[in-house]
Amino acid sequence: MEPLLKHCRLCPHACGADRTAGEKGICGADARLFVARAALHFWEEPCISGTVGSGTVFFSHCPLHCVYCQNAEISDGRAGAEITAGRLADIFLELQGQGAANINLVTPTHYVPHIIDALTRAKGRGLSLPVVYNCSGYESVEALRLLDGLVDIYLTDFKYMDSALAQRYSNAPDYPRAAKRALHEMTRQAGKAEFDEKDLMRRGVIVRLLLLPGCLEDAKAAVRYLYETHEDGIWLSLMSQYTPVHAECLPPELRRPVTPEEYEALVNYAIALGVENGFLQEGKAADESFIPPFDCTGVRPG
């Protein structure tokens, strides 16, 4: 683990922080592992949550500081408790014991070495659930390759096609290029989707596209790229749940929810392209009920 954190290049920022010496990378993390919540979660795509819930572990800090982040409490490190990789392995097994459909790792990028350690331990002790890598899409191919054989499902965002939007909203103008490269690696590892008798995904790639206010054309460009490049090799999840949390701090154009007309236009565009493997959000999805309390539930030993 230590060499990977000595001159950190786990995400495309490649900031080079010596996290083993206490330096913090752009993600805000040093060599310690912080988790903000570990519990059954019911608000993922149906094939991930099912009826029993996804065994979801929310990690603290994030390499991609989006101005509109709905989980800012954990992405900026305000919430979370320090644990060891051994404790993380215990958490995976506890979630399996609670009947979770899978192990769902949320914002895991900067903790890849810790996760590899914990998954290796847990699998050696009987962990048999599919592992979901739930990420922003801003991933290093080299780091993803370290997960080959450990991760079964990639649940990844694809936020922007326009570098200018990526710069304005996430301070990462290279996001489109990095996300495209990462997605190719994810599909290489996970292959085409496989489902069990309960329609739960066992292997595969789901790409989430969160529609932002005023960004319909960029979202359409992303859908076109994803479908023309990967066709039925991935599942698309078109999301309307954007919530302007702390709107007064946001750029003016992001201080409102997405309109039903904007979302309908994106859905109709995807259908017209021929997209069939996908998920839609119905009704009033822009709601803070999608944001669980980051109160360290399930993190410390019971």
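Reader: Happy to start with helix 8: which residues of helix 8 are buried?

Author: The buried residues of helix 8 are Y175, P176, A178, A179, A182, L183, E185, M186, T187, Q189 and A190. Buried means under 20% relative accessible area, exposed means over 50%, and partly exposed lies in between (1.4 Å probe, protein chains only). Helices (H or I, at least four residues) and strands (E, at least two) are DSSP runs, numbered from the N terminus. A word on the source: this is a predicted model, where local features need pLDDT of at least 70, side-chain atom pairs count only at pLDDT 80 or more, and totals for chains, interfaces and linings use all residues. Residues are numbered from 1 along each chain as its sequence is written, and side-chain values use heavy atoms, with hydrogens and water left out.

Reader: Thanks! What do the buried residues of helix 8 pack against?

Author: Contact means heavy atoms within 4.5 Å. Here the partners are strand 5 (131-135), helix 6 (141-145), strand 6 (153-157), helix 7 (163-170), strand 8 (201-210) and helix 9 (216-230).

Reader: How many Å should helix 8 span?

Author: The expected span of a helix is 1.5 Å times one less than its number of residues. Helix 8 (residues 175-190) has 16 residues and should therefore span 22 Å; its end C-alpha atoms are 22 Å apart, which agrees. Just after helix 8, G191 takes a positive phi of about 70°.

Reader: Zooming out, what radius of gyration does the chain have?

Author: The radius is taken over C-alpha atoms, and the globule rule is 2.2 Å times the number of residues to the power 0.38. For 302 residues, a compact globule would have a value near 19 Å; the chain has 18 Å, which agrees. Of those 302 residues, 57% count as buried.
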